[in-house]
Amino acid sequence: MNYLRQVTRHLLKDLQLEWRSRDAINGMLFFSLLVVVVFSIAFDPTGNPTTTRQISGGILWIALLFASVTTLNQSWAREVRNSVLDAQRMVPAPPSALFLGKALANLAFVTVVELVIAPLFVIFFNVHALGNGWMLTAIMPLGTWALVVNGTFFAALGLRAKNRELLLPLLLFPISVPAILSMVNATTDVLTGDVDPIQPYFWIKLLAAYDIIFTTVCLLLFETILHAE
Amino acid sequence: MQLETPSRSVVPRVAAAAWFAVALVVLAIGFRQAIFLVPTEATMGNVQRIFYYHLPHAILGMVFPYVNCAASLAFLYWRRRDPWKALGADALAVASAEVTVIFVTIGLLTGSLWAKPAWGIWWAWDARTTTYLILWMLYVSYLIARKFSGGNDEGHTLAAVISVFAAIDVPISFMAIRWWRTQHPAPVFGGDGSLDASFYPAVWWNIAGWALWGFLVLGLRYSLERRRQRIQEEAALEAIEASLEITQ
């Protein structure tokens, strides 16, 4: 119970900080909008509706992946200013509560971006789900959590490294390959609807397993990287 | 910190030289078996002989990551308990990561050379090829992260954490990609694409030879890293001693 309260405190602090500036959400929103527009310029979405349907799941996730990478570094940069992180190290609360609070805050930010970008996506790419659209309500949060939990962890890991802006995608992309594969395939299956309806379940299960495994690893190892020196 | 006195014994050197000689002999036998003695494969012809180099590198490329993971876990365990042992584990971790990258690179290149005549394309996004590419990317990013985070204790800790992540990620990638698509021949031993017994000598001699070679390179890289660490520690001790003299 105590742990839960500590996580909530960290989460509320991050949400409040974001509410004051709204830098992360605005930046991510505009960035993902730009990625979507650039992709619709790179090929013609109205001329090739079938192709559009097949690749739009991938484009959506690439836009979200790039957008979250741009903001994940910033979420820790906030803690470095005024040596807040050094203070956090001395706090008696478990370090994993700090991590979990921040990862949940990042999940909330990316979810807000998804809620805005999804309708735009439907309009620009002229797609609607031919399969079970309700499955997206499971795929989107699971996929977002997979990106955000590892992303938050690696952003913290790279805090004191040289070239930390570059280090995050270098670490996050290879580790996320199974998750990206699952979320893109599940989304594409739902959008195209031309496969066996059982198929997306496998990807959703794999995504859930990935989330559980890596959330556990992140929580276990966060203390080590917070006190790395 | 208590440092071991650098060993001036000739035993490791003689052992390494003997190991090197044995590796060369085994590789020579393997070469003779693979190129001249083993019968030509029925459908692919002589092109198939690259398999005797592809398979050992692919298998060993899957063995060295385990060394890396075990060394990283040992580093995390000894980090606070015995710093000098922890540095030894870290030296083994970096050596095995570098050897992994070399072996997986050779495995990918020979696989690609073989795929062109066998499948008609340089690169098929089939299950095992893709998994190997992910494996390669993970350990290259591990080495890059090591470089970015500096050669200090903090950098070693971060690298060990990344290594644990990579080790967990590989089996999940394997499963995901296997489901995604498969075109690679079935496992050679105990699978559908089983190998005729007449090919075994070339396979086993080459696996043995490249394993001897790989562990020799691993050992040399480890002792090199260990020597570098010792010099660094001695320099640090000297600096501390010098600073103490000034204050007196």
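What are the helix and strand percentages over residues 166–188 of chain A, and how far apart are the end C-alpha atoms? Over this stretch the chain is 100% helix and 0% strand, with the end C-alpha atoms 29 Å apart.

The legends below describe a predicted model, in which local features need pLDDT of at least 70 and side-chain atom pairs count only at pLDDT 80 or more, whereas totals for chains, interfaces and linings use all residues. Residues are numbered from 1 along each chain as its sequence is written, chains are lettered from A in the order in which they are written, and side-chain values use heavy atoms, with hydrogens and water left out.

View 1. Over residues 200–222 of chain A the chain is 100% helix and 0% strand, and the end C-alpha atoms lie 32 Å apart. Helices here are DSSP runs (H or I, at least four residues), as strands are runs of E of at least two, both numbered from the N terminus.

**View 2. The interface of chain B and chain A.** In this view, 30 residues of chain B are in contact (heavy atoms within 4.5 Å) with 33 residues of chain A. The two chains bury about 2800 Å² between them, 80% of it on carbon and sulfur atoms, where buried area is the accessible area (1.4 Å probe) that two parts lose on being put together, summed over both. In chain B, F148(B), F165(B) and W179(B) lose the most area to chain A, together 27% of what that side buries.

**View 3. The side of chain B that touches chain A.** The elements giving two or more residues to this side are α4 (127–148) and α5 (153–180) of chain B, and the largest share, 18 residues, comes from α5(B). Across the interface of chain B and chain A the rule finds 0 salt bridges, a salt bridge being a side-chain nitrogen of Lys or Arg within 4 Å of a carboxyl oxygen of Asp or Glu.

View 4. R22(A), in the loop between α1 (2–21) and α2 (23–42) of chain A, has a positive phi of about 55 degrees although it is not a glycine. R22(A) has a relative accessible area of 36% and is therefore partly exposed, that is, between the limits for buried (under 20%) and exposed (over 50%), computed with a 1.4 Å probe on protein chains only. N126(A), in the loop between α5 (95–125) and α6 (136–157) of chain A, has a positive phi of about 55 degrees without being a glycine, and at 57% relative accessibility N126(A) counts as exposed.
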